[in-house]
Amino acid sequence: MAPAGAGTLGSNVVHVLAVSLSPEELIRTFGTIGLIAIIFAESGLLIGFFLPGDSLLFTAGLLASQGKLNLAVILVGCFLAAFIGDQVGYAFGKKVGPSIFKRPESRFFKQENVARAEEFFEHHGSKTIVLARFVPIVRTFAPVLAGVSNMRYRTFVTFNVVGAFLWAVGVTLAGYWLGETVPNIDKYLLPIIAGIVTLSLLPIGFEWLRHRKRAAAESTEPTETTP
C-alpha cells in the first residue's frame, strides 16, 4: 500500500516536469517577476545554464501581443536582468578567478561546458559577450570567463549592453511581432519553440564538429622519431 501523500507527491513531480518543459506554462505559473528572475539566473548564475532563455523571451513577446503581459515591463525588466546578470557573472569570475573552473565535476557543473565556452571565447574574442547571448550554456559561462581572463571592464560593459539589448529586447520583440502578424499563432507555438531551440543549439553543434575534426587531425599527424 502506497504511503499517504504519495499520490500528491507524484502529481506534484509531474506538474513540475510539465512546467519545466513548457515556456508558456513557466510564464503563466511564475509571472513577469519569475520571467525576469530566470533571465537573470541564466545570465549571471552558473546554476542557470540549463534554463530556456531564448524560448522564454520569445513566448513572453507572443503573450504580450495577446495582452497577457505588459510589453514595456518585460522589455525593460528582461534587458536589465540580462545586463545585470552578466555583470554579476563578470564580477564573480574576476573575484573567484580560475579556481572556479578547477572544481570537481558535479550534477550541475560539467567541465565540458567550461571547455565549450572557452573555445567559443578563444575563437570570437570580445565579441563572445554578444554572440554568446544566442548560444545556450555558453551565454552563462562567457561573462565568468571574461572576468577570469581580466577583460577590460569598459570593453565588457560595452559588449554586455549591446548583447543584452539584442537578445532580451530583440527576441522578445520578434515574438511580439509574430503574435501581431500571424493569426492564431498559439496553434504553432510548440513547433516555433522547437525551431528556436534547434537554431540556438546549432552553434554548439558546429563547435563540437569542429572540435572533433581538429582532434581527429591531431591524432593522425605523424609523430617525429628521434634517430
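1. Start at Asn 150, which comes after helix α7 and has a positive phi, near 60°. Keep in mind as you look around that this is a predicted model.

2. Now step back to helix α7 itself, residues 138-148. Ten of its eleven residues are buried, so the helix is largely enclosed by the rest of the structure. The buried set runs through Val 138, Arg 139, Thr 140, Phe 141, Ala 142, Pro 143, Val 144, Leu 145, Ala 146 and Gly 147. Note that a charged residue, Arg 139, is on that list.

3. Next, the helix pair. Two packed helices are described by the angle between their axes and the distance between the axes. Here, α3 (residues 53-65) packs on α4 (residues 71-96) at about 160°, with the axes 9 Å apart. Because angles over 145 degrees count as roughly antiparallel, α3 is roughly antiparallel to α4. Their crossing is left-handed.

4. Which residues make that contact? From α3 come Leu 57, Ala 60, Gly 61 and Ala 64, and from α4 come Leu 71, Ile 74 and Cys 78. Sorted by class, that gives six nonpolar residues, one polar and no charged ones.

5. Finally, have a look at Thr 172 in helix α8, residues 153-181. Is Thr 172 buried or exposed? Its relative accessible area is 1%, so Thr 172 is buried. Setting aside neighbours within four places in sequence, Thr 172 is in contact with Leu 57, Gly 61, Leu 71, Ile 74, Leu 75 and Trp 167. Among these, Leu 57 and Gly 61 of α3 and Leu 71 and Ile 74 of α4 also belong to the α3/α4 contact.

Note on methods
Residues numbered from 1 in each chain as written. Predicted model: local features only at pLDDT ≥ 70, side-chain atom pairs only at ≥ 80, totals over all residues. Heavy atoms only, no water. Axes fitted to C-alpha atoms, helices over the stretch in contact; angles between N-to-C directions. Helix = DSSP H or I, 4+ residues; strand = E, 2+ residues; numbered from the N terminus. Parallel < 35°, antiparallel > 145°, perpendicular 65-115°, else oblique. Left-handed = near helix turned anticlockwise from the far one by under 90°. Contact = heavy atoms within 4.5 Å. Buried < 20%, exposed > 50% of the residue type's maximum accessible area, 1.4 Å probe, protein only.
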